[in-house]
Amino acid sequence: MDIHIWRDLLDPYDLAVRELTTKFEHLRYEYRSRGLYCPIEQVTGRVKTISSILDKMQKKQIDLSDLEERMEDIAGVRIICQFVEDIPKVVHMIRERGDMEILLEKDYVNHMKESGYRSYHVIIRYEVQMMSGPKKIQAEIQIRTLGMNFWCTIEHSLQYKYKHNIPEHIREKLLKSADAIVLLDNEMSAVREEIMDAQNSMQHQANLTAEILNTIQNLYSLANKREISKIQEEFYEVYQSNDLEKLERFHRQLDIIAEGYRAQGIDFTSGDVT
Ligand code: 0O2
């Protein structure tokens, strides 16, 4: 098939990958900006390379005319979670969406493959708007923990190196490490609450600091210079104390000061004196 025909065929998949990764990244942003724990840790996506499509077509005896129907992972999105418990939450998020129709789910998390592979796959039908009109394509979303992803990445490279004939002694090591990943994920789950608490306070602190700095920056161009330097000094002191309650108090007080300027008719959020 001519290269430009491949490009036409793969174009909608490319758009789908870009849209889907943006949508999941945006969910992550929404959670974080509300100071909430997000079950999505990282999102990546890729369109299968032409050589990989050709290899799979040969391996699975797929005709070009059936390619789009039979190859579910031309568009692939990978969602990495911190904990095993996050995986069903992400699956639930996908099930609830109106823009992704689930066609199939494969649970290799609870049903590890013979190779040691673990991951949860969701095959969706997704509509993209092309120049020629709407087009529905299939995409595969792989959901796995950081630990599972580590294993998959290493195993994938070895599959490539040994052209899918990994020597027995390496295969054994891979199976042992797959078991170790199960243990690691279980151990991490046991301290999940503590880890989540720590991450939530870190995120809360980062959000508060960003809001405070934004308010100070806006006040800078409008308020009395001496008052601003005093506020700034106080902020550095509070920040260095590493005390979240103090930071929250400071944030509230700063809001009251900002409210005072608002009452005087100075809308400093837009930077305009009204
Ligand atoms: P690539 O290079 O990642 O794109 P099925 O007939 O359903 O059993 P199928 O269609 O291959 O076979 O589906 P399956 O088994 O769900 O696998 C789809 C994708 O999951 C694979 O795509 C891999 O990305 C990943 N995967 C499945 N098994 C393994 C494994 O043992 N090791 C690793 N590292 N990844 C795996 P591709 O096209 O095989 O590969």
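Start by selecting H5 and helix H6 (168-190), each of which supplies at least two residues of the lining of the largest cavity. Helices here are DSSP runs (H or I, at least four residues) and strands are too (E, at least two), numbered from the N terminus. Bear in mind that this is a predicted model, in which local features need pLDDT of at least 70 and side-chain atom pairs count only at pLDDT 80 or more, while totals for chains, interfaces and linings use all residues. Residues are numbered from 1 along each chain as its sequence is written, and side-chain values use heavy atoms, with hydrogens and water left out.

**Stop 1: the cavities**

A cavity is a set of points on a 1 Å grid, over the protein atoms alone, where a 1.4 Å probe fits but cannot get out; lining residues have an atom within 4 Å of a point. The volume of this one is about 40 Å³, meaning the space filled by probe spheres set on the points, with grid points joined across faces, edges and corners. H5 gives the largest share of the lining, 3 residues. Colour by class and you will find 3 nonpolar, 2 polar and 2 charged residues. In this scheme Ala, Val, Leu, Ile, Met, Phe, Trp, Tyr, Cys and Pro are nonpolar, Asp, Glu, Lys and Arg are charged, and the others, Gly among them, are polar.

The whole structure holds 2 cavities of 30 Å³ or more.

**Stop 2: the largest pocket**

Next, centre the view on Lys48, Lys56, Lys59, His156 and His164, which among the 34 lining residues lie nearest the centre of the largest pocket. Now also select strand S1 (42-47), helix H2 (50-59), strand S5 (133-145) and helix H5 (146-161), the elements that give two or more residues to this lining. A pocket is an open set of points with protein on both sides within 12 Å along at least five of seven lines. About 1,500 Å³ of space lies in this one. Which element gives the largest share of its lining? That is H5, with 7 residues. By class, the lining has 6 nonpolar, 12 polar and 16 charged residues.

**Stop 3: the second largest pocket and the domains**

Colour domain 1 (3-146) and domain 2 (194-273) separately; these bounds come from an automatic or database domain assignment. The second largest pocket draws at least three lining residues from each domain. Select its lining, including Arg28, Arg32, Tyr37, Gln199 and Met202. Helix H1 (3-33) and helix H7 (192-220) each give two or more residues to this lining, and H7 gives the most, with 4. The pocket holds about 230 Å³ of space.

Finally, look at the interface of the two domains. Here 7 residues of domain 1 are in contact with 6 residues of domain 2 (heavy atoms within 4.5 Å). The buried area is about 590 Å², of which carbon and sulfur atoms give 52%; this is the accessible area (1.4 Å probe) that two parts lose on being put together, summed over both. Highlight Arg32, Tyr37 and Phe83, which supply 64% of the area that domain 1 buries against domain 2.
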